[in-house]
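Please look over the model below before reading the points that follow.

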Amino acid sequence: MARAQANPGISWRELTPQPLILLTGSEDYLASRAFELLRSQAAAREDIEVTRLDAAKYEPGGLLLATSSSLFSSANLVEVHELAQMNEYFLKDAMSYLKDQAPENVLIMHYSGGTRGKKLIDAIKAAGALIVNCQPVKKDAEKIDFVQAEFKAEKRRITNDAVKALVAAVGNSLAELGSSCSQLIQDTTGTIDQEIVDRYYGGRVEATAFKVADAAISGNAQAALRTLRHALGTGTDPIPIVATLAMKVRQLAKVLGVNEPAASLASELGMAPWQVQQAQQQARGWKRSDLALCIEEIANTDRMVKGGSRSPGYALEHAIMFIAAKAPNR
């Protein structure tokens, strides 16, 4: 019998005030959004007081004081940070609070993971805490979902190509991705398309590398070289461009001749469904022998840009021309 999977929790976007809330996962940005959401909901009430506690630097009695009613409030929102580094004082006071909770309060705690305080974490879950998923967002498909949800929440439309371009440009950091969404929403009106994203973030190394790679494997050497030379002329490091070239060519090799649906291949190949679909389209007409030669050329280029050549830029240009020449005529 398959082992039942642990409850991953709800999205922070679904969060509403509850007596006991546990944020689980090491993605601090998602946890910060959850805290921010509850604070904004609490701001609508005049009779609620907000207190922040650091479980690692906790002083005895702090939780009792924060959860007690006062002359100015009848309820409290208590945020507990650094739960994974809690000291013994917090552990003791939190265990006591769980036995005698004040239902009018909201106690929200962030646990990033680890073994410390597992007794308390188990007790919080057993007490019926609402679990909120703050696990790291690593897959491109998850980042795409995140971006789409950001724009949907603000009732703004963004095209699929624009979403993919934004993830490619700033997707290494979820916090930066969230900030970029916010900037586009605030600075623009109407539908956001790829041209707008390129105008704001097209100069990023990640975005440039994908443009160079896509142009090369489609056989458009002129566009690839033009983009590359502009990037190198403005100080872009050639190493991530070579890495992107290698990734794109390997993706073509993975899907070449495979006719299964993108959705079913995605998990097997470790790619997002849209990446599989794009690679399948780009792989049409390619010969496996030519892809193998391109992989060898990129491996040699990687060595040259990492110190094996006096002119990394020339080595990279040569690789791009080589790949573009091998690309099928469409």
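**Notes on the model**

1. Helix α11 supplies the largest share of the lining of the largest pocket, six residues. Helices here are DSSP runs (H or I, at least four residues) and strands likewise (E, at least two), numbered from the N terminus. A pocket is an open set of points on a 1 Å grid over the protein atoms alone, where a 1.4 Å probe fits, with protein on both sides within 12 Å along at least five of seven lines; lining residues have an atom within 4 Å of a point.

2. This is a predicted model, in which local features need pLDDT of at least 70 and side-chain atom pairs count only at pLDDT 80 or more, while totals for chains, interfaces and linings use all residues. Residues are numbered from 1 along each chain as its sequence is written, and side-chain values use heavy atoms, with hydrogens and water left out.

3. The volume of the largest pocket is about 590 Å³, taken as the space filled by probe spheres set on the grid points, which are joined across faces, edges and corners. Its lining has 26 residues, with K138, D140, M247, Q251 and Q275 nearest the centre. By class, eleven are nonpolar, seven polar and eight charged. Nonpolar covers Ala, Val, Leu, Ile, Met, Phe, Trp, Tyr, Cys and Pro, charged covers Asp, Glu, Lys and Arg, and polar the others, Gly among them.

4. The second largest pocket has a volume of about 420 Å³. It is lined by 18 residues, and K164, A165, Q194, D214 and Q278 are the closest to its centre. Helix α13 gives the largest share of this lining, five residues.

5. There are three aromatic pairs in the structure. Rings of Phe, Tyr and Trp (its six-membered ring) pair if their centres lie within 6.5 Å; planes under 30 degrees apart are stacked, over 60 edge-to-face and the rest tilted. One of the pairs is Y29 with F146, edge-to-face at 6.3 Å centre to centre and 70° between the planes. This pair links distant parts of the chain, with Y29 in α1 (residues 28-42) and F146 in α5 (residues 140-153), 117 residues apart. Y29 is buried at 16% relative accessibility, and F146 is buried at 7%; buried means under 20% relative accessible area, exposed over 50%, and partly exposed in between (1.4 Å probe, protein chains only).

6. Which residues deserve a backbone check for a positive phi? E82 has a phi of about 55° although it is not a glycine, and the phi of K155, also not a glycine, is about 55°. E82 is in the loop between β3 (75-81) and α3 (88-99), and K155 in the loop between α5 and α6 (160-170). E82 is partly exposed at 39%; K155 is exposed at 79%.
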